[in-house]
Amino acid sequence: MAQTDMDSGEDGGGGGEPEVIAKTSVLGGFTESTEIRALISSLPVVHENIVTLESAIERFLVIMDRYQEQPHLLDPHLEWMLNLLLELIRSEQSPPLLVHLGFKFLYIISKVRGYKIFMQLFPHEVADVQPVLDLLCRQDPRDPETWETRYMLLLWLSMTCLIPFDLSRLDGHLTSDPSQTREPIMDRILAIAKSYLMVTDKSRDAASVLVSKFVTRPDVKLKRLGDFLDWSLTTISQASDQTMGGTVILDGALQSLAQLFKHGKRDDFLQYAPVVLQCLDQCHVAESSQATLRKLGVKLVQRLGLTFLKPRLAKWRYQRGSRSLAANLSLSQSGSTVQAVSPDMETQSQEEDYDIPEEVENVIEQLLGGLKDKETIVRWSAAKGIGRVTGRLPRELADEVVGSVLDCFSFQETDNAWHGGCLALAELGRRGLLVPSRLPDVVPLILKALVYDEKRGACSVGSNVRDAACYVCWAFARAYEPTELKPFVTQIACALVITAVFDRNINCRRAASVSDHSVSVSGTFPYGIDIVVAADYFAVGNLNNCYLSISVYIASFPEYTRPMIDHLVAMKINHWDGVIRQLATKALHNLTPQAPDYMATTVMPQLLPIALGIDLHSRHGAILASAEISHALYKLANQNNRYCHLTSQPVSDQYVVRPQQIFVVVVVSCLCRGFGGELMRPAVCSLIENMSLSKMPFKDDPEAAVSALAALCEQYYQPQPGMADPQMQEVLVSQYIAGLKSTEVLTRCGSALALGSLPRFMIHGKLHQILSGLQQSCSQREVCFTEARRDAAKAMAQVCVTSGVSAQGGSDSVVCEGNVSAVYGALLDCMTDYTLDSRGDVGAWVREAAMTSLMEVTLCVVGTAPQLLSPDLVNGMMCSLAQQSAEKIDRYRAHAGSVFVRLLHSNNPAVPHIPHREELLAIFPTEGAEGLNWNAPSQAFPHITQLLRLPQYQYHTLLGLTVSVGGLTESTVRVCSPVSVALLSVSLCRVSIPFLKMLDQMLARACFDTFTTDQDHQFCVDLLSLCKEEIKKSKDTQKLRSAIAVFCGLIQFQGEVRKKVLFQLLLLLCHPFPVIRKTTASQVYEMLLTYDDVIDPDVMDDVMTSLSDTNWSVESGDRNSISVCLGAGF
């Protein structure tokens, strides 16, 4: 049941996608057999070139990986692939690299198909033993590049060990020096197996397989079994899991012992089992810090337990149906059913005569402890061990084991114990070892496990428990007859449906959906087929779809309505994840029409006291749920004139708190402030909105004079249509304007947004006061109030659009000639906000809000009174937008570009006075504007740079491009070079360093070649003067290093300017900062290599030597000698 881990909060799904997924995941056969044959045949050629070799390996991996989920499709083709590769390996002409490559391909095949199946195809004649053994002996166990070769050779050797001849017969055929003692093949193989049990790569796993096949041979067993077990136990006793080497040794020894006790005969190993168990106890393998060692320890313990017990099938186990397919088919055709097999008294009497060794108790105790391990792999191995060992116990002892497993389901236990207990119950049920008489004890625990969720800090644990509980339900549905599960099927069905629809984790939802299908097949699942179709594996992948759509459909079936509502109230509105709480409240809103009476008389009395409790998450969820349910009940009352009591009179004043009282208590108790206020304020706003939409009687409560939304004002502060309550208008507007001056940034933000949400009748007569407050808030450039400036810019546009535009109207009621300039001035001022803090360019938030507000206000003004827009206002707006469209942050560039193009293309009516409208339309044609991706610099900047040809946009466009240094052409620079000098004269910390870097790139790309032929061109002189002024008394190393690069680029100009540049560089060679001296020396060295006409070739070597050999980090160098050589003088 376990699925791939995935964040359920970002689930996909829906639409036609599931069918596509289902189709593409099923393959009909091995369609690439021809390509694979050609690929293997080409290995002798491609292995000589590293590029073709890697390409061949990658292609082979891609093809084979497609069959990971359907490896059986390879079965008809395994033999010829193996033969082709073995032919390359066995060939004497094959170089070592080709041999290793062949084994690498063999490993890839075995990884996909599984080594147990694939190794059976290896040739295992007597003639194969010696060549395989010799080839394995020649391998280097420490070579990390050829471990696949060693792995496959060990598997091949394990197959050749199965030959039915005594290995001593092969010793006579060995060719060796008569003067040397020959080592028997038996000892050679055993030595190799022992050596590879201690390696760090995957060959260790293959060595354990070799041991299990080799040591269990009749001839080897008689001579070497005891010695090998002694060696293994000694190794385990002496190794330590605190070191990497010790961990590797323990892993190999435990693996080999587990494989031996798995494949060996019980009679051969029974005498050794107590000694091995005692050694494990003494070494405390179960307490190791390595999960892999604990897993192998559990695996070995369960094999020891099976060795102690006789291999028998428990006659008392529960069996569903017949094990004969023919019998099942005949019975299904006749219409009869197969009765479950139950134990008789004779079976029980036979079991009483069976003695259980004492060691079994120790084995079971260790397996039960493994169920509580912190690692899943250990718990899973222990669960399988519990199932296997219990299957060989008498009924009474097996029932005691089941009771011990049930002890894991205690709330004093951790989630690990619950998970292990679920896995064990699934194994017991699947094997028929959980008799039906135990179901009344088991099912309630499984129902608890399906909703298990323990909070840990800011998150929770328990998704693995819920997933395993779904696996238990799946196993029970397959193991028991429907009649056995009938008393519990409704409870199980409700729990599975709730998990499939409401669980946060996508794996759990999908596991529950699959379990739903299994249970519904039994025929007793209420509306099983309908639910399985609606909540299938793919539909439950989308969390929003589950909560808002599927839940409504399933709740239409009466068996599931109340359990789903109860679960949302008890488990989800107080969930730690805010997204789940919000979805739960929306789901309650949608489910209210299914059970309105239950919601009003049962759920609301539960929710309202919780909304005033001490737990923050519960309080938040309960307030949202109360608001949603109240609104849903009101809508239902409007439809059929019923269920109005929540909006008028409470059901019973003794036990129901009205939603109005929640709002009063929350505000008076200051629950919206301090810790948790960030959660509570939106919840209370939602409560206000829903109460207003529900038209609850609220006017007589004196505490109602608080911050309100538009719906509240529309309902309560409008005595007559279009007219505000003067007293409440004065109170609200004054309160919010005062809030704009608060020292708390959140108070400023809330006040600004509240002003922006006021309806028109509340703004009428107060517009001048509101706009003045918002303009003042926008103009305060403190870093801590960036969010407040952003929200003030948004609110300004909202207020303007809400109040409307009139050319002849009053400035206190509408946007008119008297206030439009002030509005645009404030918003254009926001466009210059480049505030920086630890979060980065936070001023971009303000600029983005200002761009949106400018667009909204402009479109509103143009639609009513375009004469209010003067050329200066439009020019300033369009130039600012052009500047933002040229900056480097993709998101804000895209937003500015879209606003710029929308205003340019607006024609209903058109925005007046746009500078160079015709040229702009040529750059941004109407038909191609929608396809322009402003987020992609490669698409945006070619259009933006064309604005440099338009005088009105040159300065602002270049100002934006300066920050996004790069991509400028010579023709662009020719047009904008005067603007460049003017821009540098404006000393802006934000712009100067990027501009210097841009100048360096332009100089390096020969963009100013036009000026290099003139002596002392004015542009070059001005540029040098401004650069000198920019770095004067500067201690900014980044700015100084950028200026050094510019000075080295200016050396290409002729005349006196070159000497002045050299003089500046010589000054920088003696700068107090070592990093500046080193940078200058390095840049001058590169400059002299690039421009060979700067100094006389006769002194070039001396200058270069002085620049390169001087330790500029501690010395100032011989500047005078360098200056004389350069001809600059001092």
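# A tour of rings, pockets and a helix

Select tyrosine 107 to start: this residue is buried, with a relative accessible area of 13%. Buried means under 20% relative accessible area, exposed over 50%, and partly exposed in between, with a 1.4 Å probe and protein chains only. The model is predicted, so local features need pLDDT of at least 70, side-chain atom pairs count only at pLDDT 80 or more, and totals for chains, interfaces and linings use all residues. Numbering runs from 1 along each chain as its sequence is written, and side-chain values use heavy atoms, without hydrogens and water.

**Aromatic pairs**

The structure holds 21 aromatic pairs. Rings of Phe, Tyr and Trp (its six-membered ring) pair if their centres lie within 6.5 Å; planes under 30 degrees apart are stacked, over 60 edge-to-face, the rest tilted.

With tyrosine 107 it makes an edge-to-face pair, 4.8 Å centre to centre and 75 degrees between the planes. Tyrosine 107 sits in helix α6 and tryptophan 147 in helix α9, 40 residues apart. Helices are DSSP runs (H or I, at least four residues), numbered from the N terminus. Tryptophan 147 is partly exposed, at 22% relative accessible area.

Next, phenylalanine 900 and phenylalanine 924. Their ring centres are 5.8 Å apart and their planes at 65 degrees, so this pair is edge-to-face. Phenylalanine 900 is in α46 (residues 890-905), phenylalanine 924 in the loop between α47 (917-923) and α48 (926-929). Both are buried.

Then select Phe409, Phe411, Trp418 and Tyr452, which ring pairs link into a cluster.

**Second largest pocket**

Centre on Tyr115, Lys116, Gln255, Gln259 and Lys299; among the 36 lining residues, these lie nearest the pocket's centre. The volume is about 840 Å³. A pocket is an open set of points on a 1 Å grid over the protein atoms alone, with protein on both sides within 12 Å along at least five of seven lines; lining residues have an atom within 4 Å of a point. Which helix gives the largest share of the lining? Colour α12: it supplies seven residues.

**Largest cavity**

Move to Val451, Arg466, Asp503, His567 and Lys572, nearest the centre of the largest cavity among its 13 lining residues. A cavity is a set of grid points where a 1.4 Å probe fits but cannot get out. This one holds about 120 Å³.

**Helix α44**

Finish on residues 843-864, helix α44. Is α44 largely enclosed or open? Of its 22 residues, 16 are buried, so the rest of the structure largely encloses α44.

Note on methods. Helix = DSSP H or I, 4+ residues; strand = E, 2+ residues; numbered from the N terminus. Expected span 1.5 Å × (residues − 1). Points joined across faces, edges and corners; volume = space filled by probe spheres on them.
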